[in-house]
Amino acid sequence: AAKLAEMEGKLEATMISYTQLTDQLATLQSAKEDTIKQLHVKELALKEAESNIAATKEDASKEMTELCNAKCATEERVTVIESNLETEQLAVKELGRQLEIAEDDNARMTGKISAFDGIIQDLKFRISLITKEKEEVLKSLEN
């Protein structure tokens with residue numbers, strides 16, 4: 001009877017440990033999915049930033065051509081066009097900075113996903129050990 005109570009205690013502890021690890025695994029898998037979603041959002045933002053940079057560069061190029069064609073125009077017109085060009089160049093720099101940030105975020109998210117994969121593998125291994133121990137306890141209780 002004492003041995004049975006001891007085995008039941010071990011079984012209960014194993015079940016609690018198994019439940020905790022299963023909950024941890026679910027939490028990590030959810031975090032992994034959230035991270036993947038965040039990565040997808042960052043990738044979309046990166047693509048949009050690249051598109052915006054290309055469009056901004058094209059716009060800046062067009063304005064540069066207009067500036068050359070308007071060279072003979074009044075000084076006031078030249079000043080306005082140069083001001084617009086500077087604004088566009090600042091926008092290109094800002095988009096370039098945003099692109100670098102998005103690439104850094106992408107690399108960081110990829111690292112997190114890899115770390116989560118390692119943790120999940122470790123938890124799966126632990127669960128398999130606990131399941132095996134549970135089966136052994138159940139088997140010994142049946143005997």
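**Close-up views: a buried threonine and the salt bridges**

**View 1. Threonine 56 in helix 1.** Threonine 56 is part of helix 1, which covers residues 2-69. Helices here are DSSP runs (H or I, at least four residues), numbered from the N terminus. The model is predicted: local features need pLDDT of at least 70, side-chain atom pairs count only at pLDDT 80 or more, and totals for chains, interfaces and linings use all residues. Residues are numbered from 1 along each chain as its sequence is written, and side-chain values use heavy atoms, with hydrogens and water left out. The relative accessible area of threonine 56 is 10%, so this residue is buried. Buried means under 20% relative accessible area, exposed over 50%, and partly exposed in between (1.4 Å probe, protein chains only). Leaving out residues up to four places away in sequence, threonine 56 touches Glu88, Ala91, Val92 and Leu95. A contact requires heavy atoms within 4.5 Å.

View 2. The term requires a side-chain nitrogen of Lys or Arg within 4 Å of a carboxyl oxygen of Asp or Glu. Side chains of opposite charge can pair when their charged atoms come close. Both residues lie in helix 1, four residues apart, or about one turn of the helix. Glutamate 6 is partly exposed at 45%. Lysine 10 is partly exposed at 43%.

**View 3. Lysine 32 and aspartate 117 across two helices.** The side chains of lysine 32 and aspartate 117 meet in a salt bridge at 2.6 Å, N to O. Lysine 32 lies in helix 1 and aspartate 117 in helix 2 (residues 75-142), so the pair ties together parts that are 85 residues apart in sequence. Lysine 32 has 22% relative accessibility and counts as partly exposed. Aspartate 117, at 31%, also counts as partly exposed.

**View 4. Arginine 97 and glutamate 94 in helix 2.** A salt bridge joins the side chains of arginine 97 and glutamate 94 (2.5 Å, N to O). Both sit in helix 2, three residues apart, about one turn of the helix. Arginine 97 is partly exposed, with 41% relative accessibility. Glutamate 94 is partly exposed too, with a relative accessible area of 31%.

**View 5. A salt-bridge network.** Salt bridges link Lys42, Asp105 and Arg108 in a network. A search of the whole structure finds seven salt bridges.
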